[in-house]
Amino acid sequence: MTTHFNIGDKVWLANCGTKEKRNPCPICAGKLKVTLTLGSGEQCILDCDYCAKGYEGPQGYELELEPYIKPELVTVSVFETDGKNFNYHFEEEFYAEQDKVFLTKEAAEVKCAQIAAEMAIQEQKRLEWAKENSKKKYSWHAGYHKREAKRHEEQMNYHEKKAHFMAIRVAEEKGLTFNTGRLNLTKK
Ligand SMILES: [Zn+2]
């Protein structure tokens with residue numbers, strides 16, 4: 001059975017805080033690069049995607065949110081109820097459902113520890129997921145880089161050819177012959 005509190009009651013709120021903890025990147029181990037070996041045996045060196053932060057690139061660490069117990073002594077300012085469940089607002093600008101509000105600090109601490117443990121499990125799941133997801137993306141990245149390299153090569157060839165034809169035309173305009181393959185201009 002849960003105790004119902006009234007406006008003005010001083011109660012303990014099972015509150016949890018989180019702080020950021022920096023762990024070395026589990027993918028690149030802080031080296032910012034990863035080496036991917038393709039099926040052909042060819043190796044690609046790519047920027048670490050896991051610890052990358054948008055335009056700032058790889059950082060070499062991951063941020064873990066570490067929950068900590070933070071019971072708060074608060075004063076009920078408003079409560080809402082449907083006749084069965086109670087939700088509380090407190091003068092300290094907190095809000096909580098009844099299962100997080102207690103008469104004693106000890107009871108709030110026990111609940112805090114439970115919440116913190118659940119948060120820690122969720123955080124581990126999130127990090128695991130991010131790590132797995134990051135690994136999956138590498139073959140895509142490698143494919144992209146290879147395609148881009150090929151595209152650049154083709155573009156280069158195109159520009160080289162274009163430059164070559166331009167040279168021939170210029171040479172012809174100036175009454176010179178152009179030895180194909182070499183930029184060797186001779187008078188006609
Ligand atoms: Zn990394």
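**A friendly note on this predicted model**

1. Among the elements of the protein chain, β1 has the highest mean pLDDT, at 96, while strand β11 (residues 184-187) has the lowest, at 49. Averaged over the protein chain, pLDDT is 85, and 90% of the residues score at least 70. Where pLDDT is low, the predicted coordinates should not be read in detail.

2. Next, the overall layout. The protein chain holds 1 helix and 11 strands. Starting at the N terminus, the elements run β-β-β-β-β-β-β-β-β-α-β-β. Is the chain spread out or compact? Its radius of gyration is 33 Å, well over the 16 Å that the globule rule gives for 188 residues, so the protein chain is more spread out than a compact globule. The C-alpha trace spans about 105 × 35 × 25 Å along its principal axes. Buried residues account for 13% of the 188 residues. As for contacts between residues at least 6 apart in sequence, 62% of them join residues at least 24 apart.

3. Now find the sheet. Five strands make an open sheet in the order β8-β7-β6-β1-β9, and the pairing is antiparallel. Which strands stand at the edges? They are β8 and β9; each has a single partner strand, so one side of each is left without a neighbour in the sheet.

4. Strand β6 (residues 72-81) pairs with strand β7 (residues 86-90) over 5 bridges, in the antiparallel sense. In that pairing, F79 has Y88 of β7 as its bridge partner. The two strands form a hairpin with 4 residues between them, and G83 in the turn has a positive phi of about 95 degrees. On to the next pair: β7 and strand β8 (residues 95-97) are antiparallel too, over 3 bridges. Here Y88 has A96 of β8 as its bridge partner. This hairpin of β7 and β8 also has 4 residues between the strands.

5. Two residues deserve a look at their backbone angles. Most residues other than glycine have a negative phi, and most peptide bonds are trans. E93, in the loop between β7 and β8, has a positive phi of about 70 degrees although it is not a glycine. With 8 C-beta neighbours inside 10 Å, E93 counts as exposed. A29 also has a positive phi without being a glycine, near 55 degrees. You will find A29 in the loop between β2 (16-24) and β3 (33-37). Is A29 buried or exposed? It has 12 C-beta neighbours inside 10 Å, so A29 counts as exposed.

6. What makes up the largest nonpolar core? It has 12 residues in all: V11, W12, L13, A14, C16, V74, Y88, F90, V101, F102, A108 and C112. Two or more residues come from each of β1 (10-13), β7, β9 (101-102) and α1 (105-173). The strand β1 gives the most, with 3 residues. Apart from this core lies another one of 7 residues, among them I27, V34, Y50 and C51. As general background, nonpolar side chains tend to be buried together in soluble globular proteins.

7. Leaving out residues up to four places away in sequence, A14 touches P71, K100, F102, A108, K111, C112 and I115. One of these is K111, which sits in helix α1. Why does K111 count as buried? It has 21 C-beta neighbours inside 10 Å, and a residue is buried if 20 or more lie within that distance.

Terms used:
Residues numbered from 1 in each chain as written. Predicted model: local features only at pLDDT ≥ 70, side-chain atom pairs only at ≥ 80, totals over all residues. Pairing = 2+ DSSP bridges. Core = buried A, V, L, I, M, F, W, Y, C linked by C-beta atoms within 7 Å. Contact = placed C-beta atoms within 7 Å. Rg over C-alpha atoms; globule rule 2.2 N^0.38 Å. pLDDT = per-residue confidence, 0-100.
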